[in-house]
Amino acid sequence: MTVMNVHEFLKSHIRTVPDWPAPGVQFRDITPLLQDPRVFRVLIDAFVHRYMDPALRPDVVAGLDARGFILGSVIAYELGLGFVPIRKKGKLPFTTVEETYELEYGSATVELHTDAVKPGQRVLLIDDLIATGGTMMAGKKLLEKLGATVTEGAAIVDLPELGGSERLKSAGLKLFTLVEFEGH
């Protein structure tokens with residue numbers, strides 16, 4: 001399967017749910033990618049093969065709550081690396097650092113254990129989708145508060161019209177995504 005075919009193959013397995021969670025929103029549902037073992041393998045391999053490259057290889061993988069946990073933990077396992085969860089506020093039992101970010105309506109806070117990464121570690125930050133970029137930006141800031149370097153942000157889906165990928169790139173974060181969808 002060529003790289004272009006991989007992208008098309010994965011995109012064909014992402015379900016679009018119209019008007020969810022609100023009218024006018026086209027929700028990009030990645031669960032079909034996870035349900036079929038062959039499709040899931042193609043998805044994970046697309047990331048693993050990229051990060052096996054010594055120039056891109058991180059020291060640790062961090063995943064954003066919650067779908068970033070699914071991807072990040074499997075990718076970390078396949079690369080022989082540790083995995084760090086970045087959780088929604090109030091979910092981690094140990095001492096944490098936190099970062100609040102703006103949503104379309106309101107705000108949210110994510111947390112990270114203070115001992116999750118060491119200063120100087122190279123971190124791959126992963127989530128399922130980049131929309132406005134707020135969650136990934138908050139994760140980047142948390143990791144940097146602890147002295148780590150986020151080498152790249154990765155996601156399955158980019159929704160470029162929402163401006164998140166451009167916002168993240170403008171903040172100096174390299175991005176890798178597998179699929180783009182126009183519109184919301």
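Select Glu111 to begin; you'll find Glu111 in strand β6, residues 106-113. Before you click on, note that this is a predicted model, where local features need pLDDT of at least 70, side-chain atom pairs count only at pLDDT 80 or more, and totals for chains, interfaces and linings use all residues. Numbering starts from 1 along each chain as its sequence is written, and side-chain values use heavy atoms, with hydrogens and water left out. Helices (H or I, at least four residues) and strands (E, at least two) are DSSP runs, numbered from the N terminus.

Is Glu111 buried or exposed? Glu111 counts as buried because its relative accessibility is 6%; buried means under 20% relative accessible area, exposed over 50%, and partly exposed in between (1.4 Å probe, protein chains only). Now show the side chain of Thr96: a polar contact of 3.3 Å joins it to the side chain of Glu111. (A polar contact is a pair of N or O atoms within 3.5 Å; within protein, one must be able to donate a hydrogen and the other to accept it, and residues adjacent in sequence count only if both atoms are side-chain atoms.) Leaving out neighbours within four places in sequence, Glu111 is also in contact (heavy atoms within 4.5 Å) with residues including Pro85, Arg87, Lys91 and Leu142.

Next, select helix α3, residues 37-51. Its 15 residues reach 21 Å from first C-alpha to last, close to the 21 Å expected at 1.5 Å a residue, where the expected span is 1.5 Å times one less than the number of residues. At the N-terminal end, Asp36 caps α3, with a side-chain oxygen 2.8 Å from the backbone nitrogen of Arg38. Colour the buried residues of α3, among them Val39, Leu43, Phe47 and Tyr51.

Stay here for the largest nonpolar core, which has 31 residues; Leu10, Phe47 and Ile156 have the most contacts inside it. (A nonpolar core is a set of buried Ala, Val, Leu, Ile, Met, Phe, Trp, Tyr and Cys residues joined through side-chain atoms within 4.5 Å.) Helix α3 supplies the largest share of this core, 8 residues. Click Leu10 and you'll see that, beyond neighbours within four places in sequence, it touches Leu33, Val39, Val42, Leu43, Leu178 and Val179.

Last stop: Pro160, in the loop between β8 (149-158) and α6 (164-170). Pro160 counts as partly exposed because its relative accessibility is 28%. Not counting residues up to four places away in sequence, Pro160 touches Ser165, Glu180, Phe181 and Glu182.
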